[in-house]
Amino acid sequence: MEMRQLGNTGVTVAELALGTMTFGREIDQAQSAEILGHYLDQGGNFVDTADVYSDGGSEEILGRIIGERRGDIVLATKCGLPFGGHPNDTGASRRHIEKSVVESLRRLRTDWIDLYQIHMSDPLTPAAETMAALDDLVRRGHVRYVGASNYAAWQIAKSLGVAALHGWQPFVSLQPEYSLVSRDVELELIPCCVDEGLAVLPWSPLGGGALTGKYRRGEDPPSGTRGQDNRNVRNRLDGRGMAVAETIVEIAQEVGQSPARVALNWVLHRPGVTSPIVGARTVDQLRDSLGASGWKLDVEHVARLDEVSTPHVGYPHNFHVFAGRRPPL
Ligand SMILES: NC(=O)c1ccc[n+]([C@@H]2O[C@H](COP(=O)([O-])OP(=O)(O)OC[C@H]3O[C@@H](n4cnc5c(N)ncnc54)[C@H](OP(=O)(O)O)[C@@H]3O)[C@@H](O)[C@H]2O)c1
């Protein structure tokens, strides 16, 4: 698998990261071990989890199955979503971060986390409190680098500014939703990350499975898929989403690849993108998805995908495009 640099750090990561949100939810420990094993055997080294996935179950499974391969893996986890029943068991306060990191280290059975991400911006906690707490984790050796997920561009810029002012560790990455059915990140977040040198790690690059060709117009979701009981997957196929999914299937037939590979290949080569985080319920799905690496859609196919999926470009971005200060999406 091809490798990329993790933002402005000296760390090298696989261009496809493995997401483990399915571990302990759709799949058990044995199936999770098979998926992780296949990913690592194919040259992958970048694994993402979070405290909240399966209520700690994803981290616990990883802690039990990583074993001696820990040193080969760039391990990313997150805190900041509600996790526990008390009012302070959420957010990006120093209190919650300190508690969460200790619990994640215990579940993951490791001495260090390579990338510790705030799962979602916290409107209650001052940016300085969060960044100071994260800096302490790095200095203490619990964490190597810190990142953000589900932040607005101004919140990233502010957090970076506060960190720079005090000489604290900056965010080195952003984990946003990004796929052919979710391109809003291109308006502010991606330009912000490119400007500041942050790695971009797209989550749900297949729209949670919506872009794999299995959901058909006017038909119920196939049994055993996430779309059966997860409204987010079906919502991605509302309106224009289905036209996007159908274009992916057409192009997949034309280029002799699977729809999943076409959808992933598009994200993989978008400006600013470091490593899309792929999820999988089976080894066969992962085998298929990892085949998105090592080739590139041609310009004509990319243009068709760009066109069918173009997001609404509102003010001030439409003004910037009109004035020739940024290219159209
Ligand atoms: N930071 C955040 O807020 C956030 C949010 C969500 C996810 N994430 C991260 O991003 C990772 C990926 O998210 P995701 O699971 O939603 O990503 P995804 O890659 O868009 O969707 C994965 C799902 O698509 C289906 N699938 C995958 N490969 C396939 C293939 N080749 N052919 C057919 N179907 C295939 C499977 O579901 P079915 O078999 O059920 O169809 C699989 O569980 C997560 O594990 C997590 O690490 C982060």
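Modeller: Let's start where strand E6 (residues 113-118) runs parallel to E7, with 5 bridges joining them. Strands count as paired here if DSSP finds at least two bridges between them, and the elements themselves are DSSP runs numbered from the N terminus, with helices (H or I) of at least four residues and strands (E) of at least two. Keep in mind that this is a predicted model, where local features need pLDDT of at least 70 and side-chain atom pairs count only at pLDDT 80 or more, while totals for chains, interfaces and linings use all residues. Residue numbers run from 1 along each chain as its sequence is written.

Within that pairing, Ile118 has Ala148 of E7 as its bridge partner. Between the two strands comes helix H4 (residues 127-140), and E6, H4 and E7 together make a right-handed β-α-β unit. Right-handed means that, with the strands pointing away from the viewer, the path from the first strand over the helix to the second runs clockwise.

On to the next pair: E7 and strand E8 (residues 171-175) are also parallel, over 3 bridges. Here Ser149 is partnered by Gln175 in E8, and Val146 stands opposite Phe171 of E8. The chain gets from E7 to E8 through helix H5 (residues 153-166), in a β-α-β crossover that is right-handed.

E8 then pairs with E9, in the parallel sense and over 2 bridges. Leu174 sits opposite Val200 of E9. With helix H6 (residues 189-196), E8 and E9 make a right-handed β-α-β unit.

How buried are these strands? For E7 (residues 143-149), 6 of the 7 residues are buried, so E7 is largely enclosed by the rest of the structure. In E8 it's 5 of the 5, so E8 is largely enclosed as well. The cut-offs: buried means 20 or more other C-beta atoms within 10 Å of a residue's own, exposed means 12 or fewer, and partly exposed is in between, with C-beta atoms placed from the backbone.

Further along, helix H9 (residues 259-268) has 10 of its 10 residues buried, so the rest of the structure largely encloses H9. Trp266 and Arg261 are among the buried ones. Their cover includes helix H8 (240-255), E10, H10 and H11, where contact means C-beta atoms, placed from the backbone, within 7 Å.

E10 and H10 turn up again at the ligand. Of the 29 residues around it, Gly19, Met21, Leu206, Gly209 and Gly279 come nearest; a residue is near if its C-beta atom, placed from the backbone, lies within 6 Å. Strand E10 (277-278) and helix H10 (283-290) are the elements giving two or more residues to this shell, and H10 has the largest share, at 3 residues. The shell divides into 8 nonpolar, 16 polar and 5 charged residues. Nonpolar covers Ala, Val, Leu, Ile, Met, Phe, Trp, Tyr, Cys and Pro, charged covers Asp, Glu, Lys and Arg, and the others, Gly among them, are polar.

Ser204 lies in the loop between strand E9 (199-200) and helix H7 (231-235), and Ser204 is buried, because 24 other C-beta atoms lie within 10 Å. Ser54 also has a positive phi, near 55°, in the loop between strand E4 (46-48) and helix H2 (57-65). Finally, the peptide bond from Tyr315 to Pro316 is cis, with omega near 0°.

How values were computed
Two residues are in contact if their C-beta atoms, placed from the backbone, lie within 7 Å.
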